[in-house]
Every structure is written in structure tokens, then in C-alpha cells.
Amino acid sequence: MNKPAHATLSELDRPNSYIGKTVPRPNLDRLLQGRGLYVSDMELPRMAHVVYVRSPHAHAKIVSVDTQAAKQKPGVVAVVTGEELADVITPWVGVLSHMKGLKSAPQRAIAVDRACWQGEAVAAVVASSRAAAEDAAEFVAVEYEELEAVTDMRTALDSATPVIHASLGDNLAFERTFDAGAPDAGFAEADEVAEAEFIFGRHTGVTLEPRSVVADWNAAEARLTIYQGTQAPHMVQNIAALHLGLEEAQVRVVCKDVGGSFGIKVHIYADEMATYALSKLLKRPVKYVADRIESFNTDIHARDHRCKARVGVKRDGTITAFEIDDLTGIGPYSMYPRTSAIEANQVVNLVGGPYVTPNYRARARVVFQNKNVMCQYRAVGHPIACSITEGLVDLAAAKIGMDPVEIRRRNLIADDAYPCTSPAGLRFELLSHHASLDKLLKMMNYDALRTEQAELCKRGIHRGIGIASFIEVTNPSAAFYGVGGAKISSQDGVAVRLDAQGAVVCQTSITEQGQGSESLTAQIVGSVLGVSMEKVRVILGDTDQTPYGGGTWASRGAGIGGEAALQAAKVLRKNILEVAAAILQSTPAELDIANNRIVNAGDGSPRIELPELARIVYFRPDTLPPGIQPELMATRHFVPRQYPFAFTNGVQASWLEVDTDTGFVKLLKHWVVEDCGVVVNPQLVDEQIRGGVVQGLGAALFEKCIYDERGQLTNANMADYLVPMSGETPDIDVGHVVSPTAESELGAKGAGEAGTAGAAAAVANAVNDALKPFGAVITEIPLTPQLILTALKRI
Amino acid sequence: MTAPHPIALQVNGEHVEAYVLPRTNLADFLRENLKLTGTHVGCEHGVCGACTIRVNGEIVRSCLMLAVQAHGASVETIEGLSDSGEISDLQEAFRARNALQCGYCTPAMLITAQDLLKADAEPDRERIREHLSGNYCRCTGYQAIIDAVEATARARKNSDEGRAP
Ligand code: FES
Ligand code: FES
């Protein structure tokens, strides 16, 4: 399957070829010894701390904010209202022009006149310590007049429901309808039609380090330095400059260690904007670290969808049509700058994606509510689309009495059908659904497991097997955000240079939050240059230091940043060989680089060490032949151009046991086969998959932000909002099929979100499989004991 | 009651004296007063385990203990355990197995795992999972952590047997 372009890589299978090898990530000792530097650890001279006073109401008029008493408290530097801060920072509207019809209202850093969700900031207290700020915050007197809260997405569009933003006319943020093929004819020719309403719990990312920012406006330099755990430094630079009335050159964004991101930290939050503005206003560094309650109330939520869906199937297993009607509530504003319509849009794009079925009808509606904002979180839309599609496929199989594997085999796009386009218009370069499914069945020993299941069932032990095929968007081009007018780069850049001692310094615009961006960059650069990884130092996360680029999100680091690294390293390699040829009175073609030295291409015998070459170039250029100007630094950028996205595919399986007396689900085992093209570091990819799966398992069984009808989040703490812990998590076996993308020489696609995409679907299908003897079907997650016992009619 | 209170304690073998507010918890004292930022704070109410340290040899959640309660105690944090070399093999196993991604849970995971390994030289996977079940990790999915702890237990046992009298 390898395209000729990949041949160049296999030629590099020399001592320093790290591509495809498991090597430990560089610089892990820093984190292992507690010597990392997270933003929450940072301190700067004159730094003050901000605490936000937040609305206790989901929807309320702010009648007055009295800051006098708070200002008198010890240590207080300033108490600032929304109105006061509005002089420093302008409001924003979270829309993108390519999301046709998407509307939202102007949002402010700190609310003015009205609070639209429980947790929206209404005043800032800045003090010498966080404790002092918290103490003083108690004395900020805010008078509210409570307004009716719009909380139920199902009634948000009713005429009796108040409109949250009068200027918008209604509570509809976005609507998309889509028809492909002949859905009516598809359903008409079906022997059976299965339908269900799929319900997804609103959940959130729970990064272990809460969102943190230190903003440092240096009035003498007229420059703002933002230290923030962000996935997209250049995006933050652009947005901060835009709304503070600065040039981008006046804003530097620095991203050190980040305690988990998962999409939570790819957005720009109102309180972060407020912190930048406060630093500018007060001319000193200001630090904001969310506490856990604030994290639950303000970190973006995701996945709050209800989707009515149906599928038509013929008795021979042919799926004739899919239809969905999806509804989602996104909170009072479309999030900035990526907008909150993307998830629903992705659901429309992705339902039915792995299958050949040409007939598809979809509607998605996105409505405003007085709850926390929803936006993109790991695997955006995919878990919804996958749960709907795979749930429907299992329902269809049950209707016609076919094994879930068999129905998939009959409908998955054939492995030799590529390139092809899905009914929703997604272009697939090369996928491997069937090869992946075959591999999965082998890994899990499917037939034996079915036998075991049947045996156990006779003894009253109810185990289930769930399968979920999926596709995943990775390596996004400008089609995601750029075309809609957002200044979010889809290209990434890498600069590589040989330093004066023959070591390599590499600056990349992708960022690190633990995925292994630093490692994959060093692996690629080391491989191409022929130097050992230890000699490659990678600099990331600093807008003053790295080329311009998008950062790390939407599974793009390896595929886009990795290719830029490869291309930059190739140029540097060529430049080094030219200098070497001049020094050695040879030709570049006769030379090679291996093990940190120039060698003869023919027999590998050493010619000159890289440190010696560097010494000559930097300190004795006078000894080089005339006319030679060595360039021991090279920069390259990359963005995919042929395909808007590099789709990956995979399939997951879950094996679990349902206790039909207690409703508890015990996860016994989970398998994933995943095709992300060329794998740069197998261990890192597998760990991305595992981590992603476990976040999907959380959605399947535990995680839900529970709001009451007044818009109060009732479980905004870690004790009541459950996530998977080590005791509940099964071992996860990961396998790979490799279909490289030919868009890049590297051939890598993304892997960071695939685990999350399909995990919940596999678990839900397994639970329904276990419940089959009882005739119970559940199409809602999280699958709590209560839900299961209700379905079993035990409560 | 709210006046700073004098305390004296050992932190990573160093004698420390300080005045602390009675309400200051030990995690904040270590991070803010002593700048030992390897102790992380994830929830501040005893749930996530990220702030786990050792006090008088026992693991505790430092967000649930007041600094004044540590008066006279011997406190060990990830910085101390790293410098003494006590957990270097465990750290190496974490590194080799990529048992950390963002690293925010890692110091506490290491300290909690070491606590288990001191008490039980041959824990099986279930036992390891159970002992670590109070420590959140949002990145790894736990399997790599369990593998690393298991591998360390095995390696320690082998080297002990090698040293048998
Ligand atoms: S911070 Fe102490 S347990 Fe979470
Ligand atoms: S490695 Fe990030 S929380 Fe465990």
C-alpha cells in the first residue's frame, strides 16, 4: 500500500531511524520528579491573583454590583466590574461564516447587565494572594433579579419559551438539514425499519490541572505575555490582540507543561480574556487558576444531544437508509472562536460514515439554553455519530436476526473501494474497515467469546459483546476553521538547525500536552538527519520562538507538524551534506549522515563528525572553499491540500457483564483496531488510544453534568461527577492496520481521538447484547445502574 | 484563631520553621511557602489524589491536612523521594512504559504506588488497580500505570532474590 514517496523513509532504516519505533519520550524525568512547570505553579514579581465572583443564577438581570466593601479588604488590589473592564476589552461573537445561519450574541469578558448561566463571572477581585481575593470576594454585593431560565433543549424553540437573546429573535443558534440519495425510497424498500431516540449525557473534560493563566502586561514594553496551558498559542495570540486593541506582535503566548487538555484547553474562555484585560488594566501580572467548582461550571461541556434516528434494512442485511433528527443545547453563547455548531455539524457529517448506504437524511438543530457553554471536546461529534450509527446497525441486525459482525461485513465500505465519497460528502482517501474488523475478531477471539457468553447466560451470568466501527476526522485543513474566517492556522511550521556543537535544535508550532509531540518531532528529525534523538532538542509552545502554526488539536500534531518536521529536516540534511562535500572535497551524493557523523554513502565509513563540521562552519568559515555560504538552519511548513481531512478508521469491541440485580456494569475487556496510517511511535499511539477509550468509557457509564430545571449544576465536584478510576477500567488491547496517507511523505494520520470516538458505542451495544434475554434496549448514556434497572423493570 | 501560627517540621529531611495561617492546608503550604510545586492540586477536597504526599511514612492527601497539623512531622514530597533515589526504579518503569502523559497525576501516582510496593512485594493487577483507585488520571486510562507498577514489583522481587543470603 506504500506509495513510492515512502520509500525514502525506509532507506532511512539506519541506526538513527526512530520512525515506527517505541522510544521513551524525551524529558519525562522532569514530570516524574515533580519538576515540571505548569501554569498553576508559576509566580512572577508583583503578581496578583484574581478570583471571579460568579452568578449563582442561571439567568438573571444584574441590578447592581457594589464593590466598595470588598475594596477595603486587606491585600485587595482592585475589584473590577464588567462595565469597567469593557473599556479594556471588546466583546466577541462566536460565529463562523461557513456555518451558514449560525448566530450568537455578543459575549463579554465579565457579564454586564445580565448573567446567562450559573457560573458566569460578574466581577473580578484582584488581590495579593488568592486567599485574600477569595475573602474579599465575599464582600462584593451583587443584586440580581432572577429571570426565567431556558434549560430544556426540547422546549427551547417553543413560542412559550422566553428568548435568551432578544436581538437574535429566537433560541435557534444553527440548523442544518441534509438529504443524500433517496431516503424515502430507501425506507420503502426496507424489510424492516428500526428506530430509537438516542440520548447523550452532557459531560466535560475534567483536566486534572484546572484551566490556568498568568497574564503579564509590561506597560514599559507595551507587551503582553500570556502564560497559558493552551493547545493553540497562535490562536490565543490573535484573539487576545484583537480584543485588547493590540498588534499581534505585542502579544506573546507561552505554553509550558499542561495538566491535561482534551479539547478543553483549545478554546478561549471569558475569564481568561478577563485575566488578560485585568493585567493590562492594572499593569502587573495577574494569575487565574480555576478551582474545581469553576471548572465544572465554566470549562466547556459537550455531547448534550437527543437524536431521533432510524435505519432501514433488508432481510439479507443490506442497510437501505439512515435518518437522524438531532437536537443539542449549547448554553447561552456559541463559544469563541471555534463556535458551538461544529459538534452537531459533525454528527450530520459522520452518521452512516463507515457504510456504503447511499440514502441518508439528517437534520440537526442547535439551541441556546441557560446552562454552561458547550463546545468541542475530544472527538467532537464522533461519539454521538458513532453511537447513533452503531446503535442503529445493531438494532437492524436484531430485527432481522443477524449477527452484529455479519451485518457490518455486508455494509462496511469495501477496502478496495477507495478513494470514495460518503453520502454526506466526506472524501475518503484510503480506509480499512474490513481488514480492521478481521483483525479485531482475531484479537478478541470472537467465536469463542460468543460460546462463553452463551454458556454463562445459562448460569444466569449476563455478559455482552459490543462492536463499533468508526471513522475519525484527522489532519484538518483550512476547511475546519480558516474558510469560516477564524484566524486559526491549519498549517504548521518547523525550523531545524545544527548548533555549534553538532546538536540539533528544532522549533515547532505544534504543542505538547502529554501526547508526545516533542517525542515525535525529535524522532522524525533524528531519523531524517541521521542524528540520535538525545541530540535533538525540541522547543514548542512559544509564539516568540516557534514558527506560526495551529498547535495540537483535532488529531493534527503528527500528521501536519510531523510532516513539516520531516521536510525541514530534509532541507537541513541536504545543506549539511553540501557543506560536508565542500570540506571533504567530495559530492553530496557520495556522503550520508549516520550516528551524528558524516559517512561515506557507499560503505558507511566515517568521514567527519557533525561537531567538527559545525565547528568549521561557525568558527572557521575562512577555511571553506570560496563562494560557500552554509545554511545550517532550515524551515518548512505543511498543510494538507488535496483532502480537507485525512479520515482514519477503526473498530472497537467491549466485553462486559451486567449485574441484573444491581444494574452495575463491569467492564471486562476492550479491544481496538485502529488505522492511523504510518505510526511514528507505536507506544505513544497505543497510549493515546487507551486514554481516549477511557474517556469514552466515562461517557458510557459515569459522566454527566446534572442540571436541575432552574439551570443549577447539581454535581459540580469530583465526588459527585464520576469519572473512570483504575478499579473500573479494563485492560485495553490495541491493534493496527496501516493505510498511509499519500498527502504527505510521512504518511501519518491522527490518533488522539479515535479511542473516544467509538468506546461508548461499543459499551452501549455490549450492554444491550447482555440485556437481550430480557428484551430490554437502552439508547441512552451514561448507562447508570438506575437506567439499567429501569429498563429491566426492576425499579 | 486567625493569627499566623508557628510550626516546625522536617520536609524532605530539611528542618523548616514557618508561621502559617491556621486555615492553610498542607498542599498550599508546600506549594506556596516552600515552592515544592511537585505536589499538585486537582480538587482541594480529597477526591482526586493528586496532592498525595508522605507524612511520617504514611501517604496522606495534603489538601485535607492543615499545615499546622504537620507541626513536628516528617513530610516527604516527590522532590525528596526523587533526590533520595528511593523510587528511581519506579520512575524509570513509568518512563519506559509511558505511564504518564500530562504528568499532573504522576508524582502522586508514584508515591501511592510506592506505598503499595512497600507493603506488598507481589501485588497482582487487581490489587494494584485497587490501591491506585483513589488517584485520578485523565490521560492514560491507567493500564500503562498498572503495567509500570507491576514491572517494578517484579524487578524488585527478582533483585531481592538475587541478593538472597
Ligand atoms: S487536591 Fe487533594 S485530593 Fe485532590
Ligand atoms: S498523566 Fe495526565 S492526569 Fe495522569
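How exposed is Glu452(A), in terms of relative accessible area? Glu452(A) is partly exposed, at 34%, where partly exposed sits between buried (under 20% relative accessible area) and exposed (over 50%), with a 1.4 Å probe and protein chains only.

Hello everyone, and a quick word on the model. It is predicted, so local features need pLDDT of at least 70 and side-chain atom pairs count only at pLDDT 80 or more, while totals for chains, interfaces and linings use all residues. Residues are numbered from 1 along each chain as its sequence is written, chains are lettered from A and ligands numbered from 1 in the order written, and side-chain values use heavy atoms, leaving out hydrogens and water.

Back to Glu452(A): its side chain meets that of Arg463(A) in a salt bridge, 3.6 Å from N to O. By salt bridge I mean a Lys or Arg side-chain nitrogen within 4 Å of an Asp or Glu carboxyl oxygen. Arg463(A) counts as buried, at 18% relative accessibility.

Across all chains there are 62 salt bridges. One of them joins Asp257(A) and Arg30(A), at 2.5 Å from N to O. Asp257(A) is in the loop between β12 and α8 of chain A and Arg30(A) is in helix α2, so this pair ties together parts 227 residues apart in sequence. Helices (H or I, at least four residues) and strands (E, at least two) are DSSP runs, numbered from the N terminus. Asp257(A) is buried at 12%, whereas Arg30(A) is partly exposed at 33%.

Finally, a network of salt bridges includes Glu687(A), Asp731(A), Arg97(B) and Glu150(B). Thanks, everyone!
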